[in-house]
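Trainee: I would like to learn how to read salt bridges in a model. Please walk me through them.

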Amino acid sequence: MGHSKTLERIEGAVVRLLSGILEFPPGARPREALRAIGLERFAPPLLIAGKIDLDGADLSGISPLYLGITPKEADRVRFREPPAYVLTIENFASFNRHIAEADPGRLGTTMYVGGYPSLATQQALRTIAGLVSEQTPIFHWSDIDPDGTWIFHTIERAVDRPIRAHLMSVEVAERLGQVPFKKSAPARCPPDSGIAALAAYLAKDGAKTLEQEELDPVLPEFH
């Protein structure tokens, strides 16, 4: 307990020291950056919506809007039927709007990753991705900005399989975005990354950014 309290007091200095050897999200606060590499006292809950049960508990009779579980309990999730897609979402308001407006029938499984996904959340996403077929598409929806590309690529590496960008494209940015006052670098990702095209665009002068809350939710193109 004492050591964790000490870390909280000096977390900014710790991040500055570690940034020389580790890649941190460009806009993350020190605590978010440390959480991303597993230096956290308590992992934030993983919120998950879909036709799911927990090991030993049939939830079909109550059909909650979503469940909140600790990430280490991800292996208790059971799919009542195979989801048509898996979607991770950065923003809490967008998560709520998606499950209420875009997918009220729970065709897919939607998860709120709490902004910058903690290391525990990354491990939980890997577990859940392993529960679905290789043919089940996985999507991520973040802000169209450098931090959004970092979150996308972090999840992409965590699940260790291809994922697709949802409502995150150069076309959407150009049509609806604004050139930011301050520019930061997008994630460094390989050419075959699902976010490579957007990251390359955001690295250019004059690139536009967009917060995901400005977009109305729609179903991913999973067909």
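**Salt bridges and exposure**

Mentor: Glu 73 is partly exposed, at a relative accessible area of 29%. Partly exposed falls between buried (under 20% relative accessible area) and exposed (over 50%), with a 1.4 Å probe and protein chains only. This is a predicted model, where local features need pLDDT of at least 70, side-chain atom pairs count only at pLDDT 80 or more, and totals for chains, interfaces and linings use all residues. Residues are numbered from 1 along each chain as its sequence is written, and side-chain values use heavy atoms, leaving out hydrogens and water.

Trainee: Which side chain does Glu 73 meet in a salt bridge?

Mentor: A salt bridge puts a side-chain nitrogen of Lys or Arg within 4 Å of a carboxyl oxygen of Asp or Glu. Here Glu 73 pairs with Arg 76, at 3.4 Å from N to O. Arg 76 is partly exposed too, at 31%.

Trainee: How many salt bridges does this rule give?

Mentor: The count is seven. One of them joins Asp 55 and Arg 78, with the closest N and O atoms 4.0 Å apart. Asp 55 sits in the loop between strand S2 (52-54) and strand S3 (67-69), and Arg 78 in strand S4 (residues 77-79), so the pair ties together parts 23 residues apart in sequence. Strands are DSSP runs of E, at least two residues; helices are runs of H or I, at least four; both are numbered from the N terminus.

Trainee: What separates Glu 171 and Arg 175 in helix H6?

Mentor: About one helical turn: they are four residues apart in helix H6 (residues 170-176). Glu 171 is partly exposed, at 45%. Arg 175 is exposed, at 52%. Elsewhere, salt bridges with shared partners join Arg 97, Glu 101 and Asp 216 into one network.
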